[in-house]
Amino acid sequence: QWPRLLALFPILFLTTFGGIIIARNFFPDWSIFSLITFDLKDLSNARYYTTVPNFFEAYLLEWNPLVFSLTPITLLGFGLLLFGLFRKNKPEYALQSYELLFFFLLYTVLLIYSNILTTARYSVLLYPLFAFLAALGFWQLCHYPEHTKGLRMKYAITGILLLASLWSLTASSPFYFNYTNTFLPKSSLIHDAWGYGGYEAAQYLNSLPNAKELTVWADYYGVCEFFVGKCLTAYTFDQNVVSPDYYTLTRRGKARYLSRHPRWERLSGLTAYRYYGTTHPDWQLLIGDRPGNFIKVVKVEKNH
């Protein structure tokens with residue numbers, strides 16, 4: 001006889017995954033997702049953006065990147081597994097499933113109490129485990145109820161999964177290697193990081209007559225890989241020695257650093273924060289044709 005307490009595990013994860021997907025799609029302005037930057041170093045650093053999240057908010061924030069980096073097929077298989085655990089006659093793999101669910105829960109609690117806000121790449125060790133549980137969920141579908149044991153049913157399910165996987169891959173175009181899935185609203189995506197628009201921005205800067213003599217400050221390093229002049233990304237430097245001629249600014253940089261601009265201006269004379277909202281930059285690229293997802297180049301007004 002399985003302890004009834006174990007039923008809390010599938011309920012908790014169904015509620016967590018379903019709740020986060022619903023919240024991101026129907027309550028996009030919930031401050032827990034809109035005010036806390038996506039690349040926060042630790043939970044206590046949330047004080048620069050909003051109040052430090054409580055345990056419940058921290059729990060949702062820990063799961064948020066993982067929920068939206070698993071493919072829809074994996075999420076479906078995982079959901080089937082969780083529903084299967086509610087059966088009166090527990091499947092033969094129930095013990096292993098409960099053990100992994102307990103590990104996921106313990107992993108999350110340890111992250112919270114260690115003041116670490118995880119990201120998709122830092123949770124990479126969980127992906128094979130979720131894939132394993134999803135496979136068990138689909139295996140269960142092939143064998144329940146009893147009359148579906150035939151090869152035709154197995155072939156049909158396999159074919160559906162293959163087509164659905166191809167659709168999921170196509171839906172991620174043109175960023176096939178991103179950690180994202182179709183459940184995440186497109187308005188919540190920010191693409192720039194290591195190259196989206198960085199090469200194009202550097203092309204513009206390199207086309208300027210005196211490009212090799214210019215000094216550019218960028219809020220992410222992707223531009224500097226291609227620019228032929230001097231390129232800075234540090235927020236602290238000697239303003240008597242280095243004076244940027246242009247700023248290269250992105251939505252990601254704004255989300256991460258804008259709240260701390262008084263410190264950078266005091267230490268380095270850095271005034272990039274004044275230019276994030278400029279409507280007439282020298283050059284601009286809207287990623288995905290969204291004004292809120294930009295990379296722009298602006299000339300620094302020296303009198304600032």
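Let's start at aspartate 245, which sits in the loop between β2 and β3. Helices here are DSSP runs of H or I with at least four residues, strands are E runs of at least two, and both are numbered from the N terminus. Is aspartate 245 buried or exposed? It counts as buried, at 18% relative accessibility. Buried means under 20% relative accessible area, exposed means over 50%, and partly exposed is in between, with a 1.4 Å probe and protein chains only. Leaving aside neighbours within four places in sequence, aspartate 245 is in contact with Glu213, Leu214, Thr215, Val298, Lys299, Val300 and Lys302. Contact means heavy atoms within 4.5 Å.

A word on the source. This is a predicted model, where local features need pLDDT of at least 70 and side-chain atom pairs count only at pLDDT 80 or more, while totals for chains, interfaces and linings use all residues. Residues are numbered from 1 along each chain as its sequence is written, and side-chain values use heavy atoms, with hydrogens and water left out.

Now the whole chain. It has ten helices and five strands. Of its 304 residues, 44% are buried. Take the contacts between residues at least 6 apart in sequence: 68% of them join residues at least 24 apart. The chain exposes about 16,900 Å², and carbon and sulfur atoms supply 62% of that. Those areas come from the Shrake-Rupley method with a 1.4 Å probe; for residues, only the protein chains shown count as cover.

Next, the sheet. It is open, with five strands in the order β2-β1-β3-β5-β4 and mixed pairing. Two strands pair if DSSP finds at least two bridges between them. β2 (230–232) and β4 (283–286) stand at the edges with a single partner strand each, so one side of each has no neighbour in the sheet. On average, neighbouring strands are turned by 15° against each other, direction ignored. Look at β3, residues 246–250, and β5, residues 294–299: they pair in the antiparallel sense over five bridges. Tyrosine 246 has lysine 299 of β5 as its bridge partner. Helix α8, residues 198–206, packs on this sheet and touches β1 (215–218), β3, β4 and β5. The direction of α8 makes about 20° with that of β5. Axes are lines fitted to C-alpha atoms, for helices over the stretch in contact, and angles run from 0 to 180 degrees between N-to-C directions.

On to the disulfide. The structure holds one. The cut-off is a pair of cysteine sulfur atoms within 2.5 Å. Cysteine 224 and cysteine 231 form it, with their sulfur atoms 2.0 Å apart. The link is left-handed, with -60° about the S-S bond. Cysteine 224 is buried at 12% relative accessible area. Cysteine 231 counts as partly exposed, at 21%.

Last, the helices. Which residues touch the most other members of the largest nonpolar core? Of its 39 residues, they are Phe13, Phe17, Trp63, Phe78, Leu101, Phe104 and Phe130. Such a core is a set of buried Ala, Val, Leu, Ile, Met, Phe, Trp, Tyr and Cys residues joined through side-chain atoms within 4.5 Å. α1 (8–26), α3 (55–67), α4 (72–84), α5 (94–113) and α6 (127–142) are the elements giving two or more residues. α5 gives the most, with eight.

One more residue. Glutamate 62 lies in helix α3 and counts as buried, at 3% relative accessibility. Among its contacts beyond four places in sequence are Leu43, Thr108 and Leu111.
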